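Reader: Before we go through the features one by one, could you show me the sequence and the model?

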Amino acid sequence: MSEQIPQDLQYTKSHEWVRALPNGQVEVGITDHAQSALGDLVFVEVPQVDRKLALGEACAVVESVKAASDVYSPVAGRVVARNEELSQKPELLNSDPYGAGWMMRIELEGKAPALLAPSEYQQFLKESE
Amino acid sequence: MGLKTPLYDTHVSAHAKIVDFGGWDMPLSYGSQIEEHHAVRRDAGIFDVSHMCVIDLSGARTREFLRRLLANDVGRLTVHGRALYSCMLLPTGGVIDDLIAYFLTESWFRLVVNAGTRPKDLAWIREHAAPFGVDVRERSDLAILAVQGPTARKKTVALLTAAHRATALDIERFAAAAVDSWFVARTGYTGEDGFEIMLPGTDAAETWRALVAQGARPAGLGARDTLRLEAGMNLYGNDMDETRHPLESGLAWTVAFEPAERDFIGREALARARASAGERLVGLVLEERGVLRSHQVVSATDAAAGAAPLGEVTSGTFSPTLNRAIALARLAPGSATRVLVDIRGKPHAARVVKPPFVRNGKPLIDIQ
């Protein structure tokens with residue numbers, strides 16, 4: 001089955017996606033590949049608003065029936081919003097990973113790091129198969 | 001590339017996620033394992049469990065041999081077709097495997113053992129069968145389909161002729177019968193009613209399709225694990241193994257100490273273990289959000305800093321029926337009713353309960 005990789009997002013090798021918002025903040029979630037590999041998600045822990053995140057810091061946890069997995073911050077910055085709905089409906093990460101399953105919004109600190117373009121992420125998935 | 005059951009291609013064409021299980025390429029799920037779980041609790045699911053190993057034992061002294069080999073007593077099997085769950089033990093009392101024994105005729109018993117333990121089981125059984133002149137035959141020609149759930153039997157017998165249907169519906173719980181070319185057992189690993197059908201591997205794919213057409217939903221190993229754990233059933237390798245005996249694995253009920261003169265392998269060790277309070281396997285229900293997993297450490301709620309933990313989780317998961325994390329855990333002797341489980345460095349409150357958690361679609365544990 002082919003996994004979705006939207007063209008308007010950027011990606012990490014740890015399977016997070018990053019959406020640039022018009023106000024300069026970024027929205028972060030996990031990719032379709034990640035949710036598919038994890039299986040049915042039953043528990044999601046997202047960071048508190050105002051928490052400062054370092055680049056690559058483990059900042060959220062997603063647990064499926066099978067396994068727990070850390071989510072790493074793809075940027076450095078401050079959490080300005082988190083998806084409160086996920087605590088009651090973790091399955092949104094399965095059903096709509098790039099939309100209703102968003103995890104947090106972050107105000108960048110400093111310059112945005114280099115992330116993977118959609119084609120690079122696709123290539124990365126292909127190589128790690 | 002692992003071993004494949006006769007249904008491998010069927011799973012792949014149903015877009016199953018395939019994983020290695022004991023050297024076999026098996027379906028983990030066909031989409032949502034939680035939906036598969038609910039299908040079994042509410043209607044019917046179908047599992048390919050052909051990786052499990054069917055062993056036929058034959059010879060005049062088969063019953064005598066099994067009374068030596070197994071911790072449970074096949075002397076209790078007096079009616080043809082009846083089944084018995086038992087552990088097969090080392091002299092130390094450690095569990096080599098758990099299995100089901102079916103009494104078919106006085107000179108023919110059938111065992112079904114786990115996939116991951118197949119080689120060592122066969123070697124052990126052959127070694128001990130020889131002095132009894134019992135013939136040991138692995139039936140790798142057979143596939144096993146488990147059809148489980150409240151409507152599983154109805155859906156299965158719909159495939160049979162009227163005469164065979166009556167035979168199949170007459171099978172009592174934990175018993176089996178030959179039905180045409182099938183061997184049908186009313187057993188399972190889900191806590192629901194249903195059948196486990198052993199049939200020629202060459203017929204497996206067609207029968208699978210027919211059962212799916214009847215409305216049995218394909219379910220994988222993921223759902224099988226959450227179902228068995230809700231049902232309070234042990235998984236070999238997690239909840240017991242060669243280093244653990246049945247009395248500390250929640251399986252005391254499967255050890256037949258009576259009659260006292262039956263000299264089964266492991267008896268002496270178990271008799272010694274029985275004389276003192278040892279560790280025990282209990283159920284846990286997590287009272288907070290999170291998921292219990294095997295090897296998480298369990299401590300007393302009032303434990304002083306640096307105190308030894310009470311034990312650890314042997315199998316943990318998220319229970320789709322209870323919408324809570326549940327687990328089996330092996331704890332030191334004592335009567336703790338509440339404990340703390342370390343989940344990624346943070347203590348989480350859990351309640352100690354007596355499994356099973358769910359049976360026949362109904363929660364047996366109060367969830368506040």
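**Reading the two chains**

Author: Chain A has three helices and nine strands, where helices (H or I, at least four residues) and strands (E, at least two) are DSSP runs numbered from the N terminus. This is a predicted model, in which local features need pLDDT of at least 70 and side-chain atom pairs count only at pLDDT 80 or more, while totals for chains, interfaces and linings use all residues. Residues are numbered from 1 along each chain as its sequence is written, and chains are lettered from A and ligands numbered from 1 in the order in which they are written.

Reader: In what pattern do the elements of chain A follow along the sequence?

Author: The pattern of chain A is β-β-β-α-β-β-β-β-β-α-β-α. The radius of gyration, taken over C-alpha atoms, is set against the globule rule, 2.2 Å times the number of residues to the power 0.38. For chain A it is 14 Å, close to the 14 Å that the rule gives for 129 residues, so chain A is as compact as a globular protein of that length. Along the principal axes, the C-alpha atoms of chain A fill a box of roughly 35 × 35 × 25 Å.

Reader: What share of the residues of chain A count as buried?

Author: A residue is buried if 20 or more other C-beta atoms, placed from the backbone, lie within 10 Å of its own, exposed if 12 or fewer, and partly exposed in between. Of the 129 residues of chain A, 42% count as buried.

Reader: Is Asp50(A) buried or exposed?

Author: Asp50(A) is exposed, because 8 other C-beta atoms lie within 10 Å. Asp50(A) belongs to the loop between strand 4 (41–45) and strand 5 (52–53) of chain A, and its phi is near 85 degrees, a positive value in a residue other than glycine.

Reader: Which strands of chain B close into a barrel, and in what order?

Author: Strands of a sheet pair through backbone hydrogen bonds, either parallel or antiparallel. Two strands are taken to pair if DSSP finds at least two bridges between them. In chain B, six strands close into a barrel in the order 14-17-16-15-18-19, with antiparallel pairing, and the twist averages 40 degrees from one strand to the next. Axes here are lines fitted to C-alpha atoms, for helices over the stretch in contact, and angles run from 0 to 180 degrees between N-to-C directions. Strand 14 (residues 280–286) and strand 17 (residues 324–331) of chain B are joined over six bridges, and Val282(B) stands opposite Ala329(B) in strand 17 of chain B.

Reader: How is chain B divided into domains?

Author: Domain bounds come from an automatic or database domain assignment, which for chain B gives domain 1 (8–51 + 141–230) and domain 2 (277–363). Their C-alpha centres lie 30 Å apart. Counting residues as in contact if their C-beta atoms, placed from the backbone, lie within 7 Å, the contact takes 12 residues from domain 1 and 12 residues from domain 2 of chain B. On the side of domain 1 that touches domain 2, the elements giving two or more residues are helix 2 (33–42) and helix 8 of chain B, and the largest share, five residues, comes from helix 2 of chain B.

Reader: Where do cis peptide bonds occur in chain B?

Author: One joins Glu258(B) and Pro259(B), with omega about -5 degrees, and another runs from Pro355(B) to Pro356(B), with omega near 0 degrees.

Conventions: Two residues are in contact if their C-beta atoms, placed from the backbone, lie within 7 Å.
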